[in-house]
Amino acid sequence: MGRLRGSLFGRLAFSLAFAFSTLVLGIGADAGVQWCESDPVFVVNGALVDVTTGFPAAYTSSLKGAVAYEVLVPSNAIAAVVSLPASVPTTAKISKVLPATGLLSLGVPVIVKVTINASASFQTKTQVTGTYLWLSSTAYGRSNVTTQVKYTLIGL
């Protein structure tokens, strides 16, 4: 019985240390830079998917058109754009181009593509979170290059 408690305590201590270090490193990584974000929300088979793309606010004037989102889902999935809140022009579309999956309850593959066309080159950060995600995903990219984030919705 003592071994079980020690093991549980060790796991808890590790989890807390990992969470704290991730928080500290995450805060320090963006220090001194003001970010502009685009934050559309999608629904795929009843699960909300929040996609947040950020870039340094200093480059807002260099944008050539809207921040473009494309969500690729299986042909037998039900998907829609829920909202497009953003401080910059944003477009979003759903493409049912992935192969149909027989058992959607075991996992729905989803690919999010984000394109920011601009006259300058700068770093972007796209984070996908939401209900029923196997793992939340973050991808770093650059303007004028399409960033792709792949993940699987589970338990739908």
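A nonpolar core is a set of buried Ala, Val, Leu, Ile, Met, Phe, Trp, Tyr and Cys residues joined through side-chain atoms within 4.5 Å. In this predicted model, the largest such core has 27 residues. Val44, Val49, Val110, Val112, Tyr151 and Leu153 are the members with the most contacts inside it. At least two residues of this core come from each of five strands: E2 (41-44), E3 (47-56), E4 (67-74), E7 (108-115) and E10 (147-153). In soluble globular proteins, nonpolar side chains tend to be buried together.

Read from the N terminus, the order of elements is α-β-β-β-β-β-β-β-β-β-β. Of the 156 residues in the protein, 34% are buried. The accessible surface comes to about 9,000 Å², and carbon and sulfur atoms account for 62% of that area. Among contacts with a separation of 6 or more, 60% involve residues 24 or more positions apart.

When residues up to four places away in sequence are not counted, Val110 touches Val44, Val71, Leu72, Val73, Leu98, Val149, Lys150, Tyr151 and Leu153. Two of these, Tyr151 and Leu153, are also listed with Val110 among the core residues with the most contacts.

The strands themselves can be followed next. An open sheet of 4 strands is arranged in the order E6-E4-E7-E10, and its pairing is mixed. Strand E6 (90-98) and E10 each have a single partner strand and stand at the edges, so one side of each is left without a neighbour in the sheet. On average, neighbouring strands of this sheet are turned by 20° against each other, direction ignored.

Within the sheet, E4 and E7 run antiparallel and are joined by 5 bridges.

Apart from neighbours within four places in sequence, Thr115 is in contact with Ala66, Val67, Ala68 and Thr146. With Thr146 the link is also polar: the side chains of Thr115 and Thr146 make a polar contact at 2.8 Å.

Methods
Residues numbered from 1 in each chain as written. Predicted model: local features only at pLDDT ≥ 70, side-chain atom pairs only at ≥ 80, totals over all residues. Heavy atoms only, no water. Buried < 20%, exposed > 50% of the residue type's maximum accessible area, 1.4 Å probe, protein only. Contact = heavy atoms within 4.5 Å. Pairing = 2+ DSSP bridges. Axes fitted to C-alpha atoms, helices over the stretch in contact; angles between N-to-C directions. Areas by Shrake-Rupley, 256 points an atom, 1.4 Å probe, with all protein chains shown as cover. Polar contact = N/O pair within 3.5 Å; in protein donor to acceptor, adjacent residues only side chain to side chain.
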